[in-house]
Amino acid sequence: MGRFPFRVLVFALVFAEMVVGIRGGNVEDVKVWPLPYSVSYGHKNMYMIGDFKLLSDGSKYSDASGILKDGFSRFIDLLKVAHVIDGNVSKYGNSSVLVGLNVVILTQDDELQYGIDESYKLLVPSPKKPAFAQIEAQTVYGALHALQTLSQICQFNFKSRIIEVPMTPWTISDKPRFPFRGLLIDTSRHYQPVPVIKSVIDSMAYAKLNVLHWHIVDMQSFPLEIPSYPKLGNGAYSVSERYTMADAAEIVSYAQKRGINVLAEIDVPGHALSWGVGYPSLWPSKDCQQPLDVSNNFTFKVIDGILSDFSKVFKFKFVHLGGDEVDTSCWRTTSHISKWLKEHGMNESEAYQYFVLQAQKIALSHGFEPVNWEETFNNFGKKLSPKTVVHNWLGGGVAENVVKAGLRCIVSNQDKWYLDHLDTPWPLFYLNEPLTNITDPSQQKLVIGGEVCMWGETVDASDIQQTIWPRAAAAAERLWTPYNKLAKDAMLVAGRLAHFRCLLNQRGIAAAPLNAVGRGTPYEPGSCYNQ
């Protein structure tokens, strides 16, 4: 009895999307996730030759770093999906054959930073070169998004054993709604091996997410090597569950080549018990081990050393300084800190503010702009640096207050966008609107985007991907697609999201079924598209 309704539900959802799509202009035919800004298509099939090639006629981008070349190579691999492409296109007329892709990039710069132009235009075929598809983009990162979209409108034909592009001619113009579209991973609660992190980065690129928020350390473990203070690594779970700075640099480089920034986080002053394993003087005392000792200048020297080392590796303009869930009782009950508070005329709340502002000053001195969890704003408001980005997580209404105060905000409210909440279904991820109750256009611009959070208490290498996907994809469309093109009823996109989930599976990403809760498994035999 328990299985039957799920199957009925999924078929109903797929059918509902088809019906509404036909009324709204055949949206059900556009199996692209996230839905682009503007799409038109026809009814003709075209076929790619086996030696499909890359051209850059008319482009200003030299590709000295190989970002486009590598992206094109990955694109070809995605099309093949491990199949052997040995069919013959000679039986099709020349007007139906695509011999290559011409990519026109209008700027030379490929520095990846916040706010970079990610727009693109995709034409299949090119009106000027009918034997080629064409991508036009301001930056190479827009071109990478275009390759992802093109990969979704192509398919392997099992009968002819060639890659076909149905429904040409395609004209797709696209750009993101928000500049910050993030996914948090947590490597303190469970260590995630570097290949697993790279796999997560690959899957993010498929959904056009562009910020990997790396919550590197927490109270449980300190897995990252810090050259300035090497004993911090003593806080790792084991000698093998660690990252070198070279590992971190490799992760940053790997992500950058896919258009993804890495936002590094150290969560201070709370969530830092692991710091004291190597440097016990960072603890208030051996019996009361967090938050970090606010009275000890060494505490801030360590933070300065960490952020100095970060500045050599993490090139994103933002750094996350945490600041959430700070229980200051250890400061009150530890005699030397209590004495320091009295000498400086501070109570515990004021010491908390002092710590956060000192950490922000250090971050700013190293060229970073600070991101802090919302408790810092809730407690200190405009006393924060004007360059602060407030990270909302506790609930609704905070983003509205943050932007009214003139600060920027990232939305990750835990009731809708926390992936570790396994009972939160994908429709709630899809319908969570970052601009709720924010109607002033100038204030809307201060909401720079949103982020889904994969906290690590119950995920390791064995289950991280199936816990992230497909729910993160639901949020990804919310952050990419224009508001007026988003479905008001999440059930209307179920068929298209199921298609994307199956595409992830075909690419080796262990995305869970739509009709399972959290990271659940299929309920019964059947097609991937019906689960």
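Tutor: For the charge count, Lys and Arg are taken as positive and Asp and Glu as negative, while His and the chain ends are not counted; each charge is placed at NZ of Lys, CZ of Arg, CG of Asp or CD of Glu. On that basis the protein carries 50 positive and 52 negative side chains, with the centres of the two sets 6 Å apart. The model is predicted, so local features require pLDDT of at least 70 and side-chain atom pairs pLDDT 80 or more, whereas totals for chains, interfaces and linings use all residues. Residues are numbered from 1 along each chain as its sequence is written, and side-chain values use heavy atoms, leaving out hydrogens and water.

The protein contains 18 helices and 16 strands, defined as DSSP runs (H or I, at least four residues, for helices; E, at least two, for strands) numbered from the N terminus. Its radius of gyration, 25 Å, is close to the 24 Å given by the globule rule for 531 residues, so the protein is as compact as a globular protein of that length; the radius is taken over C-alpha atoms, and the rule is 2.2 Å times the number of residues to the power 0.38. Buried residues, those under 20% relative accessible area with a 1.4 Å probe and protein chains only, make up 57% of the 531 residues. Among contacts (heavy atoms within 4.5 Å) between residues at least 6 apart in sequence, 75% join residues at least 24 apart.

An α-helix has 3.6 residues a turn, so residues three or four places apart point the same way. The buried residues of H10 include Glu 348, Ala 351, Tyr 352, Phe 355, Val 356, Ala 359, Ile 362 and Ala 363. The partners against which the buried residues of H10 pack include the helices H7 (297-311), H8 (329-333), H9 (335-343) and H11 (375-380). Strands S12 (318-320) and S13 (369-373) are also among these partners.

In H3, 14 of the 14 residues are buried.

Terms used:
Buried < 20%, exposed > 50% of the residue type's maximum accessible area, 1.4 Å probe, protein only.
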